[in-house]
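Hi everyone, thanks for coming along. Have a look at the model on the screen, and I'll talk you through it.

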Amino acid sequence: MSSSEINVEVEEKGLLAEIMRYIGELSYSEANPRIAAQYSQRLFVIKTNRGYENSIILALSFIKEIRGRKIGFFSLKSSGTIKSLLVYSKKITV
Amino acid sequence: MGKGFDIVDMDSVDIKLAKLIGYKKVYTRNEIRVTEDQEYEGRCIFLGREPGTLGKALRRNNVDGIIIFDNELIRQTVEECRDNEKTLFIDISSLVVPEQKQRLRNIHRARFLIRFALRNRTKIALVSLAKDETGMLSSMQMLAFARFLGINDKNSEKIFYNEGMMH
């Protein structure tokens, strides 16, 4: 979840570039993070390879700005399936 | 239900947001203040760099714990913190500063400090001390940070600031 509204389709490149900055190119290529879904203007899902979720969660903690725009990210839940995240997203109001 | 407490350097925090990101409560600066003022009488966390002033602060009842400036390892202070049953706070906001060199130095120092504190059985707590909403971290991110700073899985569950509870 982001601290303010974000269109991840537009900002995806910027966000992934910031993640790469923090986890490094080698880890990035192994983790292969990508935006899997966006449920609201602030809530979205980042999909990553198994075993790299902690690196992505940590990288998101460091990101405070994307292309000059001040923004923060909160990791709310991690799961093995996107379906369960969809169920979770319906329970919360963001 | 959230896992613990966080402390921020802001005047107010949205309660819904605090619950959503996994905390029981997020304390604002009106409730717990981070201060360098030795005469401050409200509930506070003392921030200092001198072992003498930190030691004095640890003996005061209104001080919940201390933050050592720049996460510098002062062995005597960490031991005093344990003896006075106060909490050694680790300020996460100093570990996510934009400047790379400073960030890496702070992370390295925090690791060193945490390792020493854990070995000495000093109560430690990670707090975000965020100045705005972008600086806040969810409880999940806090746990990831704890592991990153060298706290093992068994202890990482205890790194949240828990009022009145021994870690």
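**Two chains, one interface**

Let me begin with surface: chain B exposes about 8200 Å², and carbon and sulfur atoms supply 46% of it. Accessible areas here come from the Shrake-Rupley method with a 1.4 Å probe, and for residues only the protein chains shown count as cover.

A word on conventions. This is a predicted model, where local features need pLDDT of at least 70 and side-chain atom pairs count only at pLDDT 80 or more, while totals for chains, interfaces and linings use all residues. Residues are numbered from 1 along each chain as its sequence is written, chains are lettered from A and ligands numbered from 1 in the order in which they are written, and side-chain values use heavy atoms, with hydrogens and water left out.

Now, the fold of chain B. Its secondary structure comes to six helices and seven strands, and from the N terminus on the order is β-α-β-β-β-α-β-α-β-α-β-α-α. Helices (H or I, at least four residues) and strands (E, at least two) are DSSP runs, numbered from the N terminus. The C-alpha atoms of chain B fill a box of roughly 40 × 35 × 30 Å, taken along the principal axes. A compact globule of 167 residues would have a radius of gyration near 15 Å, and chain B agrees, with 15 Å. That radius is taken over C-alpha atoms, and the globule rule is 2.2 Å times the number of residues to the power 0.38.

Inside chain B, 54% of the 167 residues are buried. Buried means under 20% relative accessible area, exposed over 50%, and partly exposed in between (1.4 Å probe, protein chains only). Of the contacts in chain B between residues at least 6 apart in sequence, 49% join residues at least 24 apart; contact means heavy atoms within 4.5 Å. As for charge, chain B has 28 positive and 24 negative charges, and their mean positions are 6 Å apart. Lys and Arg count as positive and Asp and Glu as negative, while His and the chain ends are not counted. The place of a charge is NZ of Lys, CZ of Arg, CG of Asp or CD of Glu.

Let's zoom in on a residue. Where is F116(B) found? F116(B) is in helix α4 of chain B, residues 100-119, and it is buried, with a relative accessible area of 6%. Not counting residues up to four places away in sequence, F116(B) touches L73(B), R75(B), V78(B) and E79(B). With E79(B), the C-alpha to C-alpha distance is 9.6 Å, across 37 residues of sequence.

Two backbone spots are worth a glance. R121(B) is not a glycine, yet has a positive phi of about 55 degrees; R121(B) lies in the loop between α4 and β7 (123-127) and is exposed, at 76% relative accessible area. L129(B), also not a glycine, has a positive phi of about 45 degrees. L129(B) belongs to the loop between β7 and α5 (139-148), and at 6% relative accessibility L129(B) counts as buried.

Over to chain A. Here we have four helices and four strands, running α-α-β-β-α-β-β-α from the N terminus. Its radius of gyration is 13 Å, close to the 12 Å that the globule rule gives for 94 residues, so chain A is as compact as a globular protein of that length. The C-alpha trace of chain A spans about 35 × 30 × 20 Å along its principal axes. In chain A, 41% of the 94 residues count as buried. The accessible surface of chain A comes to about 5300 Å², 48% of it belonging to carbon and sulfur atoms.

Finally, the interface. How many residues of chain B are in contact with chain A? There are 21 of them, meeting 24 residues of chain A. The area buried between the two chains is about 1800 Å², with 65% from carbon and sulfur atoms. L20(B), T134(B) and M140(B) supply 35% of the area that chain B buries against chain A, more than any other three residues. Buried area is the accessible area (1.4 Å probe) that two parts lose on being put together, summed over both.

S3(A) counts as buried, at 11% relative accessibility. Leaving aside neighbours within four places in sequence, the contacts of S3(A) include E133(B) and T134(B), along with R42(A), I71(A), G72(A) and F74(A).
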